[in-house]
Amino acid sequence: MNLTLNVWRQKNTQDKGGFKSYQVSDVSADMSFLEMMDVLNEKLEVQGEDPIHFDHDCREGICGMCSMYINGKPHGPQQTTTCQLHMRSFKDGETITIEPWRAAAFPVVKDLVVDRSAFDRIIQSGGYVSVNTGGTPDANEIPIPKKIADEAFESAECIGCGACVAACKNASAMLFVSAKVSQLALLPQGQVERKERAEKMVAQMDAEGFGSCTNTGACEAECPKGISLTNIARLNREYLSAKLTSENV
Amino acid sequence: MSWITDTLTSTIGRKVLMALTGLFLILFLAVHLAGNLQLLMNDGGEAFNKYAYNMGHNPLIRVVSIGNFVFILLHIVVSILLTRRNKAARPVGYKESAGASNSTWASRNMGVLGTIILIFLVVHLKGFWFEFKFGAVPTVDYDGVSFKNVYLIVQEAYKELWYALFYVVSMGFLAFHLSHGFASAFQTLGLNHKKYSPIISGLGKGFAILVPLLFALIPVIIYIKSLG
Ligand code: HEM
Ligand code: SF4
Ligand code: FES
């Protein structure tokens, strides 16, 4: 395959940045999208040009680093991560536009790399359970119904990739925050800090400058882990009941 | 106070205000429609004129109508605050965006749809509500009691093709606002359930089609009747 790539290049956070066009030839349909980018970067390095910076780590769909907005969608045309996207999803001769995640809370560091530490700060504000864990507890020591365990597990599948923020017209982080609040709110271990968690994580989400939720559902449609909107409804319930009943005035 | 203001100015709190005021407006639309359908009765306007009189004089209705104005204003003010925040959350936009592949058009354009509804509301309130209350309305006698003949004003207004059309088109935009807003309000309030969400969603779609359609039918029928 021969492709034209329209890639966002930006030297640093202050730089204005702009699109630059590149030709890549002899791309195999079996390559992953990141491998295709590697091929282009090797060519750029040989030519003495600055390679295109992008985030990646596991390359197996579990770390959530590979943020790229491809042809108008986070992680491109498939509902998966960029590292799990293959070139067979594209046509020979196609022009592919690649942009960084766009959100005030995710400033561009360089080219396609954005700073997602806003997510880390939201987790730090309450996305944890503070108990001494001690040794490994016996399985089934705390009985949890299978259905609840499954639900909590599904919420816990969120890999913090930020595709929900990237897809949302409001750059809202509600799907991410709702998954992180849900995974603990559903389990007995999460009850102690339940109210405080919902209050603090929403406050931090707002302080980071993410938008509000219009319930368009774009996040759910683009989430590589299939995190569902029911999490957002649960977050709304958790937050409201926490605000109404907690002792924090 | 601080926890109250904290809650109401948070993104979720603001959305809850949108949902509660929106649901109240939905209820209002249903009641308003039931009243307006009396315009289609073949009684020379007696039922509608008496209904309009009661609406203006029942103390309970007057309290509710003041509440209605307050809620519309609140819905509008909060929608502006939210829209500004949401725009600020993405200062640099995308060159290419495939929004149509992951969300409905109405859900992405609630602000635009709301603004069009607002323009309609201003024209509508000026043309009818203001006229009924403060205009020189002719009177009509039923059993020796004199009533304002607001029915006549409506008939006169819809004789104008552009005016009738303006109503019909506006109701189309309302339909889109409701097609997303109805179910969205329940999700905002956290009311999501495997059993009930599909029913709410279905009711919402039905409401979004039926209510604006019946509203739009009134000027259409009056216009056609006026042609003789
Ligand atoms: C009869 C008139 C109206 C009704 C019945 C109505 C109803 C609703 C409902 C039920 C929602 C969903 C709330 C939610 O998602 O939780 C909504 C959202 C919205 N409305 Fe209205 N509305 C009306 C008029 C207006 C007007 C006049 C404006 C603005 C000038 C407006 C602007 C908005 C906006 C921007 C949203 C989306 C807020 C968001 O989710 O970000 N609406 N409306
Ligand atoms: S909710 Fe989905 S899209 Fe959002 S950060 Fe988690 S895995 Fe990524
Ligand atoms: S590189 Fe880890 S998810 Fe893509």
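Trainee: Where is His75(A) found?

Mentor: His75(A) is in the loop between β4 (73-74) and β5 (95-99) of chain A. Helices (H or I, at least four residues) and strands (E, at least two) are DSSP runs, numbered from the N terminus. This is a predicted model, where local features need pLDDT of at least 70, side-chain atom pairs count only at pLDDT 80 or more, and totals for chains, interfaces and linings use all residues. Residues are numbered from 1 along each chain as its sequence is written, chains are lettered from A and ligands numbered from 1 in the order in which they are written, and side-chain values use heavy atoms, with hydrogens and water left out.

Trainee: Is His75(A) buried or exposed?

Mentor: His75(A) counts as buried, at 0% relative accessibility. Buried means under 20% relative accessible area, exposed over 50%, partly exposed in between (1.4 Å probe, protein chains only).

Trainee: And what is its phi, for His75(A)?

Mentor: Near 65°, a positive value in a residue other than glycine. Most residues other than glycine have a negative phi.

Trainee: Which loop holds Asp26(A)?

Mentor: Asp26(A) lies between β2 (18-24) and α1 (33-46) of chain A. Its phi is positive too, near 55°. Asp26(A) is exposed, with a relative accessible area of 68%.

Trainee: How many helices and strands in chain A?

Mentor: Eight helices and seven strands. Of the 249 residues in chain A, 54% are buried. Along the principal axes, the C-alpha atoms of chain A fill a box of roughly 60 × 40 × 35 Å.

Trainee: Switching to ligands. How many residues surround ligand 2?

Mentor: 13 residues, counting those with a heavy atom within 4 Å. Among the closest are Cys158(A), Cys161(A), Cys164(A) and Cys223(A).

Trainee: Which helices supply the shell around ligand 2?

Mentor: α4 (163-167) and α5 (174-185) of chain A each give at least two residues.

Trainee: Now chain B. Which residues form the nonpolar patch on the surface?

Mentor: Phe69(B), Trp129(B), Phe130(B) and Phe134(B), with about 400 Å² of accessible area together. Such areas come from the Shrake-Rupley method with a 1.4 Å probe; for residues, only the protein chains shown count as cover. Nonpolar side chains (Val, Leu, Ile, Met, Phe, Trp, Tyr) are joined within 5 Å, like charges within 9 Å.

Trainee: What gives the most to the nonpolar patch?

Mentor: Helix α6 (residues 110-134) of chain B, with three residues. Phe134(B) is in that helix. Phe134(B) is exposed, at 53% relative accessible area.

Notes
Patches are made of residues with over 30% relative accessible area and no salt bridge: like charges are joined within 9 Å, nonpolar side chains (Val, Leu, Ile, Met, Phe, Trp, Tyr) within 5 Å. A salt bridge is a side-chain nitrogen of Lys or Arg within 4 Å of a carboxyl oxygen of Asp or Glu.
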